[in-house]
Amino acid sequence: MSSADSSFACAPILLIGFNRPDFMRAQIAAVRAARPARLYVAVDGPREGRPDEVARCAGVRECVKLIDWPCEVKTLFREKNLGCKMGVSGAITWFFENEEEGIVLEDDCRPTIDFLRFASEMLAIYRENERIGLVAGFNAFDLQSNRRVTYHFSEHLDIWGWASWRRVWQKYDVTMAKYADRAETLIEQSKMLPYGKMFMRKGLAEVRAGLNTWDFQFALMFLAEGYLAIAPREKLVANAGLCDAAATHTGGYNYYAPRFAKAGRLEFPLVHPEAVVCDEWADRRREQMEGAIFPRGLTWLGCKFPCLCPFLSMIGRIVESALPIVFRYP
């Protein structure tokens, strides 16, 4: 059994960028090993009143010249800034108008070649399975109840490196109009623990108040349609943008950032679960860890007092080792 190599047929890939040329260069370097035959590149335009972004957005577009393998390249370069909500969702819609299935990578998501092969295989295997809505590359805490299989099924939606099908994205509605009258009921009737429901309610309120984002709408659709996601046993996509000063929504300190910035590996051929059933243990344990007061407190303090970040990380590691129970929501 061995890790992935470049001898597989990689699914089409969409790369989404904005104003970080170095991030786009790293993305192209990450997918080069898989040599996808079709690559889509979408770049949002500079924001008004930000003249510095004109050159930076142009630098991101120039990165397509780094695609040096036989490949059909399609581009969607916006002249004006659409923002996270319409820019990202519009790019994904454009992608799935051209492809029945494929892999979506925002510029801060660093995929391993294992993920690109894993996602390509999962897209083919579960193409006709209407219960499956997404193939995730991210597993926040590398949780899985049965470690003997390669992946599990989850009710959580992770979009730090993912793959899906046109049949799923066609149900996406950036306005949430389809679910507006039952959004609260969907959240309350879900299996999520109290913190998970609180987090979703907060997201719903922020989007209704005008938060410029696209992903909560996807999460609500996922919940409403009763989809399951395929999640690898451990994360195969590293997040390089968490805590980055230029990040739109995830700038600032996060205790878990170093952990999220490291990706693992898979062995092939894959070992499949016996049934398409949600791994309830993994989902609930994840919610416990996401809702734990102690690491959230460290993150809050680090954002308020950046000078304390190294000290907070050290304290967190000590406490996590000695009292792991405080890293779970009761």
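Select Phe153 first: this residue stands opposite Ile230 in strand E9. Strands (E, at least two residues) and helices (H or I, at least four) are DSSP runs numbered from the N terminus. The model is predicted, so local features need pLDDT of at least 70, side-chain atom pairs count only at pLDDT 80 or more, and totals for chains, interfaces and linings use all residues. Residues are numbered from 1 along each chain as its sequence is written, and side-chain values use heavy atoms, without hydrogens or water.

Next, select strand E7 (151–154) together with E9 (residues 228–232). The two run antiparallel and are joined by four bridges; strands pair if DSSP finds at least two bridges between them. In a regular strand, side chains alternate between the two faces of the sheet. On E7, Tyr151 and Phe153 lie on one side and His152 and Ser154 on the other, and all are buried (under 20% relative accessible area, 1.4 Å probe, protein chains only).

Now turn to the cavity. A search of the whole structure finds one of 30 Å³ or more. Among the 13 residues that line the largest cavity, Asn139, His152, Ser154, Asp283 and Arg286 are the closest to its centre. A cavity is a set of points on a 1 Å grid over the protein atoms alone where a 1.4 Å probe fits but cannot get out, and lining residues have an atom within 4 Å of a point. Helix H10 (280–291) and E7 each supply at least two residues of this lining; H10 gives the largest share, three residues.

Finally, select helix H8 (residues 215–225): eight of its 11 residues are buried, so H8 is largely enclosed by the rest of the structure. Phe216 and Gln217 are among these buried residues.

Note on methods
On a 1 Å grid over the protein atoms alone, a cavity is a set of points where a 1.4 Å probe fits but cannot get out, and a pocket is an open set with protein on both sides within 12 Å along at least five of seven lines; lining residues have an atom within 4 Å of a point. Grid points are joined across faces, edges and corners, and a volume is the space filled by probe spheres set on the points. Buried means under 20% relative accessible area, exposed over 50%, partly exposed in between (1.4 Å probe, protein chains only).
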